[in-house]
Amino acid sequence: MKKSLIIISCLSALIMTGCDTGEKLVIKVAGIENDEDYKKYQNNVTENKVDSNGNYISEEYDEDFIVPTGDIHVSFFDNKNITLKYYYDAQQTREIDVLSCYMNPGDKIYASIEEINNTNSNLYDFSEFKMFRYDENGARYNVDYSSQDNEIIVIPSDLKSIEIAIEPIGYYPQKQLSFEDTIVNSDGTTVKANGAWYIDNKKCDSDSVNISSTATYAVTYEYDPSKYYFVKSSPEAYFYSDEKGKVIFSDSKNDTGEYSVELHKNISTDTDINKTGLIELRLNNELINDNNKDKLNKLRCGDVLKFTTDKNNNVTCKELEPERLEVTDGFVFTYKIPNDAEGKYQFTVRNWLKKEKVRFEVKESSLWKKALSITPLGKEDEDKLLKVNNGENTFTYLDLKNGKDIPLKEINDLTIYVTQNIEKFQNLVFKVSVNGKTPQYLINKDDSIKLKFSEVDTVKIDVCKGFVFNEKEIKNNYEGLTLHYYVDGNEVYDGQFIEEGKTVNIKAECAEGVVITGGAIEAGKLEGNVVIKSNTKIKNLVVNADSDGSFVFNSSDYKYDHGTIIFKYKGDTITDGQRIGLGSEITYEAASTDNGYWLPDGEHSIVIDGEDQAKAEMQSIKFYKHEKRNVKLIYPDYGGNITYSLDGKPLTGTIASVYCGSEIKMSFIAWNGWSTDIFDNTKYVVTEAENQVINVNGNVIDNNIFKETSGHKPTLKVELEKSVGKTTKFSVTACGAVQELNKKYDNKYWDKTIFEHKIGTEKGFTITAEEGALSGGKRLKIKIEYVYDDKTVANITKYIDKLPGSVTINVYDNNNERQSKKCKEINILIVKG
């Protein structure tokens with residue numbers, strides 16, 4: 001504060017003296033040469049932000065601003081390509097009326113370019129302002145002026161004219177066109193194609209050319225069609241021809257000026273289209289003959305060749321596999337040129353081949369290993385368990401063991417498959433090896449192997465017990481759990497066959513906060529073993545894991561309005577990255593509180609029962625206005641009582657005035673035979689709203705808060721005696737039961753019961769009688785019998801003295817009776833007498 005006063009005093013002194021020597025002396029005495037505030041003031045002076053009186057010039061628009069007047073009338077030329085606005089101030093808050101502008105020598109005009117739009121070129125741009133002066137005869141002369149900013153126009157201080165004009169000048173910069181042509185190789189790499197580029201039929205000598213930005217031009221590209229074919233271009237070509245080797249782009253003012261062409265080497269074939277057995281050849285559905293067979297030497301990726309042969313011939317290609325379709329007179333072989341194709345493909349038409357015998361070698365030794373109780377295969381199983389089909393006949397497992405010849409034609413596949421009979425042999429596996437290569441496995445009835453003629457000469461089958469390790473089926477996706485499986489000290493790989501009797505050693509790595517919960521490894525441990533048995537399934541190797549209930553504290557997860565919170569564990573402040581364990585109790589307190597707010601009193605503790613629960617409770621902490629609010633307390637009419645308390649002290653009455661954020665606890669005391677779904681000590685947090693009504697989770701408390709159990713409701717039975725006559729009508733109304741209205745005595749029926757239902761006990765039930773007459777001192781007697789669960793009986797009589805009339809009867813007369821008795825039946829007989 002003292003420094004500010006010194007600066008203000010010094011600045012005032014400077015303004016009053018107006019003397020450079022005095023200024024330097026005052027600054028030196030004050031010792032503020034290097035003060036940041038003084039430096040800021042000097043910058044404002046330099047930027048003309050301080051007026052002659054030393055006051056700071058506000059950048060806000062001044063509503064009292066007076067339009068300057070001067071001796072020089074300024075006119076402004078229009079430029080149809082450039083939209084501008086002119087201002088008196090650098091902040092551009094005081095726009096100049098271009099139809100009436102008068103300035104003085106030395107004044108500045110601030111220009112703002114709003115938009116540049118030229119129909120001939122999007123490269124058109126603003127260049128400069130030119131200033132002209134006019135003499136008394138209207139002659140125009142250029143005026144030279146200097147400015148550090150191209151958008152600030154300074155009227156020369158020595159200008160003598162009284163009429164000047166400002167003209168915005170634009171220009172068309174040169175536009176650069178760039179060219180690129182590439183050849184894509186089969187491995188995805190590219191090389192330069194070295195084709196020829198033309199602009200308006202004039203060949204370009206380099207990969208880039210500068211032209212006028214307003215010019216309309218046509219770009220053409222030429223390449224050798226005997227070597228390459230067109231793939232794509234940017235921008236998209238208007239026309240291209242692989243026969244002429246030409247790409248033409250539309251007449252354009254291409255915005256980017258960048259042109260590129262992508263080519264691919266032509267793909268050729270070695271095919272005799274007149275070969276015996278070949279009925280026809282089509283390229284992309286076009287029939288190939290001697291007149292157009294040259295097209296076979298200009299194939300491109302994605303082209304489709306269809307060979308149609310007779311029944312005796314096949315079409316082969318070393319590099320490609322065909323789709324084969326059998327038709328009436330022969331076969332159709334469809335070959336598709338792949339996207340990575342390059343060079344030449346040879347297609348050969350020849351007769352189908354035949355192998356007289358595919359040799360099978362069957363081994364069963366693993367079925368009789370020591371200590372393994374595996375039933376050997378019987379002849380019936382050998383006939384039905386595994387089969388081989390060569391496209392014409394089916395052979396059994398016994399055929400293979402006996403070395404039966406299995407011929408195979410090239411036109412057919414050799415299929416090996418298992419049948420449903422394998423199911424009774426748990427974990428029985430046929431391990432199949434073809435031509436000595438890596439085995440394939442057949443496990444159940446859905447498994448099969450299909451072998452092509454060209455890839456099968458010998459087949460080895462080893463009959464084993466065990467199963468194939470399938471990583472997808474046993475992988476536990478719980479984040480933070482890593483599993484490793486070992487057999488004989490070597491880590492098991494996906495697809496590995498594990499024979500029966502082997503021990504699988506499983507090791508787990510758990511990230512912090514992750515714990516093993518069971519499965520192949522015992523809960524709480526990190527290593528386990530599983531011995532492969534006849535009944536072992538893949539699921540027996542699964543390891544289960546879960547969170548240990550802890551979580552890592554991150555202060556950024558807990559932000560609060562109107563204050564900050566410090567969390568503590570065992571008295572120490574919890575820091576970022578600290579792990580909080582399951583069952584831990586953390587406390588919290590206010591580190592800072594905004595004025596007028598408070599963190600309500602309370603336990604201020606949270607017991608960790610899991611990450612989600614802990615975070616939810618921590619994030620629900622709230623600062624409230626430190627103000628009182630009225631809360632209406634509700635008391636139900638029946639079913640039980642509710643008591644309210646605040647900080648352990650009871651609340652009475654129907655209105656409680658308490659501070660926002662306070663917790664009102666509720667206790668529920670149900671009548672005998674009544675209950676409520678709400679727990680004792682349920683809390684209601686007082687909000688900042690005015691005139692609140694207490695509720696439970698947003699549900700208003702009313703007479704339905706307590707429910708009477710079905711077993712507590714007595715059965716009410718009402719009967720009429722003959723003496724009541726046939727005229728009087730009776731109605732019975734009771735809680736929780738269907739009303740019975742206007743019932744009369746009817747001697748046609750043996751049962752004279754007019755009402756028999758279970759009824760609620762919260763209020764009394766009513767019997768009403770109307771019509772008919774009571775004369776000669778007679779009245780209706782309501783004879784009531786109460787039967788209780790302890791088998792005691794109570795009898796009372798009530799009367800209706802006149803018609804119409806009614807009587808209300810309570811099940812229980814008072815709360816003491818409710819608590820001490822349970823009424824099972826109420827039997828009523830109505831008589832006249």
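## Salt bridges, a buried serine and a pocket

Author: Glu262 has a relative accessible area of 21%, so Glu262 is partly exposed. The model is predicted.

Reader: With which residue does Glu262 form a salt bridge?

Author: Side chains of opposite charge can pair when their charged atoms come close. For Glu262 the closest N and O atoms of the pair are 3.9 Å apart, against a cut-off of 4 Å. The partner of Glu262 in this salt bridge is Lys232.

Reader: How many residues apart in sequence are the parts that Glu262 and Lys232 tie together?

Author: Glu262 lies in strand β18, residues 258-265. Lys232 lies in strand β15, residues 228-234, so the pair ties together parts whose separation in sequence is 30 residues.

Reader: Which residue forms a salt bridge with Glu410, and where does that residue lie?

Author: The closest N and O atoms of the pair are 2.6 Å apart, and the partner is Arg350. The pair links distant parts of the chain, 60 residues apart. Glu410 is in the loop between β32 (408-409) and β33 (414-418), while Arg350 is in strand β27, residues 348-351.

Reader: How many salt bridges does the structure hold?

Author: Another of them joins Lys525 and Glu522, with the closest N and O atoms 3.3 Å apart. Lys525 counts as partly exposed because its relative accessibility is 43%. Salt bridges that share partners also join Asp181, Lys192 and Asp207 into one network. The total for the structure is 24.

Reader: Why does Ser550 count as buried?

Author: Ser550 lies in the loop between β44 (543-547) and β45 (551-552). Leaving aside neighbours within four places in sequence, its contacts are Gly513, Arg579, Ile580, Gly581, Leu582 and Glu611. Ser550 counts as buried because its relative accessibility is 4%.

Reader: What separation do the C-alpha atoms of Ser550 and Ile580 have?

Author: Ser550 and Ile580 are 30 residues apart along the chain. Ile580 is also among the contacts of Ser550. Their C-alpha atoms are separated by 5.3 Å.

Reader: Which strand gives the most to the lining of the largest pocket?

Author: The largest pocket has a volume of about 700 Å³. Of its 29 lining residues, the closest to the centre are Tyr588, Asp601, Gly602, Gly661 and Glu663. At least two lining residues come from each of β51 (605-607), β54 (640-646), β56 (655-659), β57 (663-670) and β59 (682-685). The strand that gives the most, with 3 residues, is β56.

Reader: What percentage of the residues of the protein chain count as buried?

Author: The protein chain has 8 helices and 72 strands. It exposes about 48,500 Å², of which carbon and sulfur atoms supply 43%. Of its 833 residues, the share that counts as buried is 38%.

Definitions and conventions. Residues numbered from 1 in each chain as written. Predicted model: local features only at pLDDT ≥ 70, side-chain atom pairs only at ≥ 80, totals over all residues. Heavy atoms only, no water. Helix = DSSP H or I, 4+ residues; strand = E, 2+ residues; numbered from the N terminus. Buried < 20%, exposed > 50% of the residue type's maximum accessible area, 1.4 Å probe, protein only. Areas by Shrake-Rupley, 256 points an atom, 1.4 Å probe, with all protein chains shown as cover. Contact = heavy atoms within 4.5 Å. Salt bridge = Lys/Arg side-chain N within 4 Å of Asp/Glu carboxyl O. 1 Å grid on protein atoms, 1.4 Å probe; cavity = no way out; pocket = protein on both sides within 12 Å on 5 of 7 lines; lining within 4 Å. Points joined across faces, edges and corners; volume = space filled by probe spheres on them.
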